[in-house]
Amino acid sequence: MIDIKIERTTAPKQKPDQSKLGFGNYFTDHMFVMNYTEGEGWHDARVIPYQNFSLSPAAMVFHYAQEMFEGLKAYKTPDGHVQLFRPQKNIERMNNTNLRMCIPQVDPDDVLTAIKTLVSVDKDWVPENEGTSLYIRPFIFATDAHLGVHVAKTYIFCIILSPVGSYYPEGINPVKIFIETEYVRAVKGGTGYAKVGGNYAASLIGQEKAEKLGYAQVLWLDGIEHKYIDEVGAMNVFFVIDGEVITPTLETGSILPGVTRASCIDLLRSWGYKVTERRLAVDEVIAAQKAGKLDEAFGTGTAAVISPIGELNDDGDKMIVNGGKIGPISQKLYDNLTGIQWGRLEDKLGWTVKVD
Ligand SMILES: *Cc1c(COP(=O)(O)O)cnc(C)c1O
């Protein structure tokens, strides 16, 4: 059992206006921190006032990016409780990422206790307006002051919290997606399946290019043949072709195994839909669209839950999906997932975990 010391702030911040939160703009009064030292393991677990770190300019994370992160949310239910959505899945993924990045493993029960303790200390920060939540960002980084390229011997594990607004303040708007054939975000054997900052750094240039062309996100293709679909932006992606729901298989190792992705697959199968996880060539999607068989396309992730795709740009050829509107499967997934997450629907699958 982890022993967490709690030091409460003496200067609580003013809380932001719940109607103007946006994403990742505000941080709560406290943070969780623990240290790792080789030979000693994780130690000094504590909740302390939100504050800056003091690190050597030679800290290894600044130079060689040995770090990882997670992202999940706490939701306020109609009866005033605060709950998490499948946090065990994030913690399991965290250790898979740690393995890939040569970062020491964390104890899953300890991490869940740390998340619950921090959210509970800052529970007044969980917003309650429609669609708002408290975003939870656990992360670990290497702190050794050393320029040699080696696995670090010291790390900091931190959790910060950010009240976030509704992703769709004006209702769900399908997004325009640019099919990226020049840059890739991940490659087999690389770190695509791990949640690490480096993957994001590698994807910025494609994202910028898409934005300049008037597109919201990039459709990422595989790093070897530039032929098979990996992800959309920083989301997993689903296509409904001729009634069948298809999502790229995780077996290539270049795709992040999303908790929302897994939950969508489970829900769809429980409703009797045929869901297939396989390699999906972008040409197959293009052919389906031309044949009028591309019923729906959508991205999935914790931030937006479901992000319908209204247009795909294939080298200048603009393909409209479902008349540019959200489709019935996307809408049903959105309603059910958000219903469970915010506690408006019965949690038949036991996915939620109460914080208080
Ligand atoms: C976090 C992330 C996702 C979505 O994962 P969820 O667990 O559903 O939030 C998808 N793709 C990438 C690249 C990610 O980093």
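**Ground rules**

I number residues from 1 along each chain as its sequence is written, and my side-chain values use heavy atoms, with hydrogens and water left out. Because the model is predicted, local features need pLDDT of at least 70, side-chain atom pairs count only at pLDDT 80 or more, and totals for chains, interfaces and linings use all residues.

**Entry: aromatic pairs**

I searched the whole structure and found 15 aromatic pairs. Rings of Phe, Tyr and Trp (its six-membered ring) pair if their centres lie within 6.5 Å; planes under 30 degrees apart are stacked, over 60 edge-to-face, and the rest tilted.

I looked up F32 and F157. They form an edge-to-face pair, 5.8 Å centre to centre, with 85° between the planes. The pair links distant parts of the chain: F32 is in strand β2 (residues 30–37) and F157 in strand β8 (residues 154–164), 125 residues apart. Helices (H or I, at least four residues) and strands (E, at least two) are DSSP runs, numbered from the N terminus.

Buried means under 20% relative accessible area, exposed over 50%, and partly exposed in between (1.4 Å probe, protein chains only).

Next I took Y168 and Y334. This aromatic pair is edge-to-face, with 5.9 Å centre to centre and 75° between the planes. Y168 lies in the loop between β8 and β9 (175–180), and Y334 in helix α7 (residues 328–341), 166 residues apart. Y168 counts as buried at 11% relative accessibility. Y334 is buried at 18%.

I also noted one aromatic cluster, formed by F32, Y36, W42, Y155 and F157.

**Entry: charges over rings**

Which ring does the charged end of K13 sit over? I found the ring of Y50, with its centre 4.4 Å away. The charged end of R279 sits over the ring of Y228, 4.0 Å from its centre. The test is that NZ of Lys or CZ of Arg is within 6 Å of the ring centre and within 35 degrees of the ring normal.

**Entry: the largest pocket**

I list 36 residues lining the largest pocket; K195, Y200, G233, A234 and M235 lie nearest its centre. A pocket, on a 1 Å grid over the protein atoms alone, is an open set of points where a 1.4 Å probe fits, with protein on both sides within 12 Å along at least five of seven lines; lining residues have an atom within 4 Å of a point. Which element gives the most to this lining? It is α4, with six residues.

**Entry: positive phi**

Most residues other than glycine have a negative phi. V305 is not a glycine, yet I read a positive phi of about 70°. V305 is in strand β16 (residues 305–314) and is buried, at 4% relative accessible area. D315 is not a glycine either, and has a positive phi of about 50°. D315 lies in the loop between β16 and β17 (317–320). At 72% relative accessibility, D315 counts as exposed.

**Entry: K274**

I found K274 in the loop between α5 and β14 (275–278). K274 is exposed, with a relative accessible area of 54%. Leaving aside neighbours within four places in sequence, K274 is in contact (heavy atoms within 4.5 Å) with E244 and V245. K274 and V240 are 34 residues apart in sequence and 9.9 Å apart in space, C-alpha to C-alpha.
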